[in-house]
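The sequence and structure come first.

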Amino acid sequence: MMELLTIALPKGRILKESLDLLKKAGVDCYKIDEKSRKLIFVLEKSNMKFFLAKPLDIPTYVEYGAADLGIVGKDILMEESRDVYELLDMGIGHCRLVVAGPKHIKEYPTNLKIATKFPRITENYFLESGRQVEVIKLNGSVELAPMLNLADKIVDIVSTGVTLEKNNLTEHEQIAEITARLIGNKVSFRLKAPMIDNLINNLSSIIGRGE
Amino acid sequence: MDSVFSYKPDGVRDFLPELASVKREVEEILYGVFKQWGFEEVITPTFEYLETFLMGYNFNSAEKIFKFLDRKGRVLALRPDMTTPIARVVANYYKKINTPLRLCYFSNVFRFEESRGGRQFESYQAGAELIGVSGLEWDAEMISLAVESLKRLGIKDFKVSVGHTGFLKGVLDRLKDEKIKDQIHECFLNKDFVELKKILDSSVLNEDIKKLVMNLTRSSGNLDNLEAYEGFDEYKIIAEAAAQLKEIKQLLTIYGVEEYTAFDPSLIRALDYYTGIIFEIYSPVIGFPLCGGGRYDNLIEKFNGSYPATGFAFNIEGILEILGGQKVISSKSERFYLICYDDVSREEAIKKAVKLRQNGYMTEMFKSKNVQSGIEYGKEKGFNKVIIFNNINEEVINLNKG
């Protein structure tokens with residue numbers, strides 16, 4: 001029996017786009033459906049095994065070799081800084097990581113308080129530009145923090161900007177452009193090189209076509 | 001009341017007898033192989049000056065070192081690896097080496113890992129270093145020794161990726177723009193091929209160099225491509241690296257280990273440390289390399305000695321995980337006599353034990369009036385024979401099946 005290539009897929013926002021891309025790349029992954037509540041899908045024909053996991057956990061699965069490959073947003077890779085190969089820009093899940101603050105405020109205090117789901121990225125970003133800030137880690141609805149005077153600004157993911165707008169926030173600085181990435185385990189990258197190279201080639205020819 | 005202080009801290013682990021005995025066996029087998037190849041063990045202190053370790057490291061890894069102060073306020077550090085202490089030992093004690101110096105070690109190392117989840121701060125390594133000689137046959141000896149060691153441990157499914165620092169160095173050397181050079185180097189260290197491609201796409205580098213750079217992002221390498229660079233002065237470093245790999249391939253064939261090895265241009269290990277052939281060993285069972293090493297000709301120089309050197313270190317936990325707690329040699333650790341006695345027969349029992357041990361038998365004492373409980377304990381622990389003292393009567397019960 002040939003060994004399976006195990007791929008971790010992120011539940012939620014970028015799952016559908018990821019599956020569409022995989023299908024176009026010739027991977028027969030029609031069975032995979034988040035609603036089915038099944039977590040592991042074996043595709044014997046393609047010699048692949050897929051599983052669904054929380055996006056934040058995907059770099060961990062890949063680093064430890066529980067998955068050979070994984071698809072995950074660059075934001076999470078930056079925050080987690082795991083020892084994995086970043087193989088391909090999937091060109092999906094476009095969004096931006098930005099610093100935003102209340103619209104009408106012109107002057108901010110020198111010792112800024114920043115609320116975010118991404119404490120490590122935030123700290124590094126401000127440190128690199130020589131600014132010291134106090135980072136407040138939140139787990140969601142970060143936009144609330146300035147309104148409730150918990151923080152002066154936020155660092156968060158923005159895709160359309162509607163959420164910022166609705167909460168009277170405006171973008172101040174862009175930290176990074178975010179897309180989903182294909183990541184690989186250090187050992188799998190070598191022991192399963194033919195399978196991985198093949199998938200990368202198929203995916204990149206599609207992504208190149210102007211997805 | 002439960003207090004955290006009645007447990008061990010995060011990031012370190014206990015080895016209970018079952019695992020500890022396998023670890024001991026693994027190390028004994030490795031020591032046996034190392035000795036057979038002429039390597040002698042050295043033991044260095046668990047902590048040294050922080051500065052000593054920093055001589056061997058780039059600034060980035062300093063964060064990963066556990067530090068503390070001595071009474072004079074100098075910074076000491078728990079050893080984060082063994083190669084640096086060995087380089088220091090060689091520089092301190094071996095002023096003149098005429099023949100190759102072969103040293104090996106078995107020791108714990110300490111590294112602070114920020115994103116942990118299962119990764120330990122304290123880990124165990126077994127390694128070998130060959131000092132005082134340069135030349136590919138010595139690199140080949142080290143790779144072959146690593147392969148032989150794994151085979152002796154009964155591990156067959158593994159692959160050795162052999163690379164060379166010259167590929168990355170040669171590519172970086174061709175880049176005139178210092179900024180792009182640093183960016184590309186960083187991409188390789190971070191294994192970020194997405195960013196790498198972006199930098200290349202937006203740069204004005206010629207296609208030849210772009211192709212060379214991308215060549216380093218694929219693990220299944222082809223040496224023939226690289227030979228094309230032979231004879232061109234600007235590609236001297238790369239051509240030299242390719243030629244060395246070709247030669248070491250022949251040497252590995254002579255050693256009979258070529259079936260385990262493959263050329264891998266994507267193999268990158270820290271450039272400020274390694275200076276030639278580098279290698280890592282992978283098993284499909286674990287997600288981390290179980291061995292890594294290579295040539296480091298400039299390290300000992302930093303301690304005022306000047307010797308070329310090459311070496312490797314096995315990750316002992318990785319080997320234990322592959323073996324899955326299996327005993328490597330089962331006969332050696334077999335139990336033997338259990339002596340079951342009570343207060344009345346104490347003197348006779350102890351005398352018996354002393355005699356048996358003098359005769360080389362493993363003997364364990366079990367005090368109980370209940371003969372049955374002694375037999376049960378003996379069975380559970382795998383003893384061959386139980387000697388039961390009843391008053392001064394001695395009865396031997398054979399627990400071996402069949």
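Domain bounds, as used here, come from an automatic or database domain assignment. On that basis chain A is divided into domain 1, residues 5-93 + 179-208, and domain 2, residues 95-178. The model discussed is a predicted one.

**Domains of chain A**

Taken over C-alpha atoms, the centres of domain 1 of chain A and domain 2 of chain A are 29 Å apart. The contact involves 10 residues from domain 1 of chain A and 9 residues from domain 2 of chain A. Between these two domains about 850 Å² is buried, with carbon and sulfur atoms giving 57% of that area. On the side of domain 1 of chain A, three residues, Asp75(A), Met78(A) and Glu79(A), supply 64% of the area that this domain buries against domain 2 of chain A, more than any other three residues.

The count of salt bridges between domain 1 of chain A and domain 2 of chain A is 0, while the count of residue pairs in polar contact, both at pLDDT 80 or more, is 4. Helix α3(A) gives the most to the side of domain 1 of chain A that touches domain 2 of chain A, namely 5 residues. By class, that side of domain 1 of chain A has 1 nonpolar, 3 polar and 6 charged residues.

**Contact between chain A and chain B**

The contact between the chains takes 26 residues from chain A and 29 residues from chain B. There are 6 salt bridges between chain A and chain B. In one salt bridge, Asp197(A) pairs with Arg218(B), and the closest N and O atoms are 3.8 Å apart. Across the interface of chain A and chain B, 10 residue pairs are in polar contact, with both residues at pLDDT 80 or more.

Which elements of chain A each supply at least two residues of the side that touches chain B? They are α3 (74-80), β5 (85-89), α7 (188-191) and α8 (193-208) of chain A. The largest share of this side, 5 residues, comes from β5(A). The side of chain A that touches chain B divides into 10 nonpolar, 4 polar and 12 charged residues.

| Contact | Buried area | Given by carbon and sulfur atoms |

**Chain B**

The domain assignment of chain B gives domain 1 (7-323) and domain 2 (337-398). Their centres, taken over C-alpha atoms, are separated by 51 Å. Helix α5 of chain B, residues 165-173, is mostly covered, since 7 of its 9 residues are buried. The buried residues of α5(B) are Thr165(B), Gly166(B), Phe167(B), Leu168(B), Gly170(B), Val171(B) and Leu172(B).

**Asp68(A)**

Asp68(A) lies in the loop between α2 (58-63) and β4 (69-73) of chain A. Is Asp68(A) buried or exposed? Its relative accessible area is 5%, so Asp68(A) is buried, the cut-off for that term being under 20%. The side chain of Asp68(A) makes a polar contact with the side chain of Ser188(A) at 2.7 Å. Leaving out residues up to four places away in sequence, Asp68(A) touches Leu4(A), Leu5(A), Thr6(A), Val62(A), Ile183(A), Gly184(A), Asn185(A), Ser188(A) and Lys192(A).

Technical notes:
Residues are numbered from 1 along each chain as its sequence is written. Chains are lettered from A and ligands numbered from 1 in the order in which they are written. This is a predicted model: local features need pLDDT of at least 70, side-chain atom pairs count only at pLDDT 80 or more; totals for chains, interfaces and linings use all residues. Side-chain values use heavy atoms; hydrogens and water are left out. Contact means heavy atoms within 4.5 Å. A salt bridge is a side-chain nitrogen of Lys or Arg within 4 Å of a carboxyl oxygen of Asp or Glu. A polar contact is a pair of N or O atoms within 3.5 Å; within protein, one must be able to donate a hydrogen and the other to accept it, and residues adjacent in sequence count only if both atoms are side-chain atoms. Helices (H or I, at least four residues) and strands (E, at least two) are DSSP runs, numbered from the N terminus. Ala, Val, Leu, Ile, Met, Phe, Trp, Tyr, Cys and Pro count as nonpolar, Asp, Glu, Lys and Arg as charged, and the others, Gly among them, as polar. Buried area is the accessible area (1.4 Å probe) that two parts lose on being put together, summed over both. Buried means under 20% relative accessible area, exposed over 50%, partly exposed in between (1.4 Å probe, protein chains only).
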